[in-house]
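My entries follow in the order in which I looked things up.

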Amino acid sequence: MSQVVESERPIPARTLFGHPIGLANLFGVELWERFSFYGMLTILGYYLYYSVTDGGLGLAQSTGVGIVGAYGGLVYLSTVLGGWIADRLLGMERTVFYGGVVVMAGHIALAVLPGLTGVGVGLVSVALGSGALKANASSLLGTLYPKDDARIDGGFTLFYLGINIGAFTGPLLTGLLQTHLGFHYGFGAAALGMALGLTQYVVFRRNLGSAGREVPNPLPRSAIWPAVGVALGAAVIVVVVFATGLVTLETLPEATTVVIAVASLGYFAIMLTSAKVAPVERSRVRAFIPLFLANAVFWSLFQQIFTVLAVYSDERMDWTIFGWTAPSSWIGSVEPVWIITLSPLFALLWTKLGNRAPSTPRKFALGVVGMGLSFLLFVPLAGFDDKSVPALAVLVIMAGFAISELLLSPIGLAVTTQLAPEAFRAQMMALYFFSVGIGTSMSGVLARFYAPEHEVAYFGITGAVAIAVGLIVAALGPWISRYMAGVH
């Protein structure tokens, strides 16, 4: 049944550099969403733990970086809501648009509302909006390609280039604004970026054709009010756990990790038992499980760019460039430089190799091992005094981050769309982002164990664990490929 639906899905005939023309629109909206998201995220930790006299809120540093990790995890947790809205209410295409509107509103709240009020309203709004936009933009791109189209890895790698152009430029601008004018100007720039993304999305919406307009599993009218009741109940539970002290700002990263892990188990159970999932689709969901776990380990290290490495950048690195000191938040722009440089090469490589490229499990294994090796490269820098680690050395290490990311992340996006059961396309992408969410919230948990005097142990142990996980995935590669049932 799923093969018939795939072959009948209308695919826009026009192409751009050999790819569906709709890629250009999704490339643009994701670029500006990531501009706003990473532009805000790279200054968020500093805003939380800098002193009030320096324009911050004066929280403990461990609490501030923990909140950053937990917030990132909550962004990816909210993708399940975005996936559900797309699958049951609006379709993917409209959910992308409305998600962007909510993201923009959240950045405006951070820019204009003072103190923890602005943080609470702004971060909740950005989390919900980004969750809706991210899962559905990626899934929507997947619908532009036939299931076994060899161009898809190249298309997602180009899409990833857009993500990283935004991730590069956002921190540059918000860091300068935060340094010279204040944090709220940086948050305002993030809101403006999302507004530009929404504008281009509306103007070029027609390039998507009919892709993502259909609601694949419409919610019956009789189920609307029960769904509203569940949403209100969830909101009440969140208020109660904070009001009673069951979850505090200090324990938020651990709580977020547990919630996402439990939700992930529930989603796997639903997909593996649903009558709407064909046997071959169920096999592919099983193959996704070890990739899910490897992805979580990868992101628990990678997302430390915004937790541990944000502190490292502020306290350990020498940012002097020809006599001028760059903002510490520019650490968020270093890795995307490599992504922008290398993405076209990887896209060309995967497109040229086609089905001769390494299998997805092998790419995942290489990505996780590469991430672990990159962390080990911080060990020799432990001997440098405070604020003396050369920025050039970190720039070189970030090349390892980028190569590892290109081996794993765009490939993970692409294979998720290919392994997804037809009735759960958007929600399968949300499940992929759950693995990113677990890793992101874990980056906040792990950040509490970092201290300059323990750098050898910290970077050495975390790097070694990642390498071990990557080697396990490599060993399981043949089993994973067999259960992927024809997906390379």
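**Notebook: loops, core and helices**

I began with K387, which I found in the loop between α14 (360–376) and β6 (389–390). Helices and strands here are DSSP runs, H or I of at least four residues for helices and E of at least two for strands, numbered from the N terminus. The phi of K387 is positive, about 55°, although K387 is not a glycine. Most residues other than glycine have a negative phi.

I noted the ground rules next. This is a predicted model, in which local features need pLDDT of at least 70 and side-chain atom pairs count only at pLDDT 80 or more, while totals for chains, interfaces and linings use all residues. Residues are numbered from 1 along each chain as its sequence is written, and side-chain values use heavy atoms, with hydrogens and water left out.

I then turned to F322, in the loop between β4 (320–321) and β5 (324–325). Its phi is near 50°, again a positive value in a residue other than glycine. Is F322 buried or exposed? I recorded F322 as exposed because its relative accessibility is 88%. The classes are buried under 20% relative accessible area, exposed over 50% and partly exposed in between, with a 1.4 Å probe and protein chains only.

**The whole chain**

I counted 17 helices and six strands in the chain. The C-alpha atoms fill a box of roughly 60 × 50 × 40 Å along the principal axes. For 488 residues a compact globule would have a radius of gyration near 23 Å, and the 21 Å of this chain agrees with that. I took the radius over C-alpha atoms, and the globule rule is 2.2 Å times the number of residues to the power 0.38.

Buried residues make up 58% of the 488. The accessible surface comes to about 18,900 Å², and 72% of it belongs to carbon and sulfur atoms. The areas come from the Shrake-Rupley method with a 1.4 Å probe; for residues, only the protein chains shown count as cover.

I also checked contacts, meaning heavy atoms within 4.5 Å. Of the contacts with a separation of 6 or more, 84% are between residues 24 or more positions apart.

For charge, I found 25 positive and 24 negative side chains, with the centres of the two sets 14 Å apart. Lys and Arg count as positive, Asp and Glu as negative, and His and the chain ends are not counted. Each charge is placed at NZ of Lys, CZ of Arg, CG of Asp or CD of Glu.

**The core**

How many residues does the largest nonpolar core have? I got 132 residues. Such a core is a set of buried Ala, Val, Leu, Ile, Met, Phe, Trp, Tyr and Cys residues joined through side-chain atoms within 4.5 Å. Those with the most contacts inside it include M40, Y71, F401 and L431. Leaving aside neighbours within four places in sequence, I listed Y71, H107, L110, L123, V126, F187 and A190 as contacts of M40.

Beyond four places in sequence, N295 is in contact with F364, L408, Y432, S435 and V436.

F288 is also found in α11, and is buried with a relative accessible area of 2%. Beyond four places in sequence, F288 is in contact with F268, T416, L419, M428, L431 and Y432.

M484 sits in the segment after α17 (455–483). I recorded M484 as buried, since its relative accessibility is 0%. Not counting residues up to four places away, M484 touches R284, A287, T360, P361, V415 and L419. M484 and T360 are 124 residues apart in sequence, and their C-alpha atoms are 9.7 Å apart.

L31 lies in helix α2 (residues 22–49). With 13% relative accessibility, L31 counts as buried. Beyond four places in sequence, L31 is in contact with G162, I165 and G166.

L196 lies in helix α8 (residues 183–203). At 41% relative accessibility, L196 is partly exposed. I found L196 and E33 to be 163 residues apart in sequence and 9.2 Å apart, C-alpha to C-alpha.
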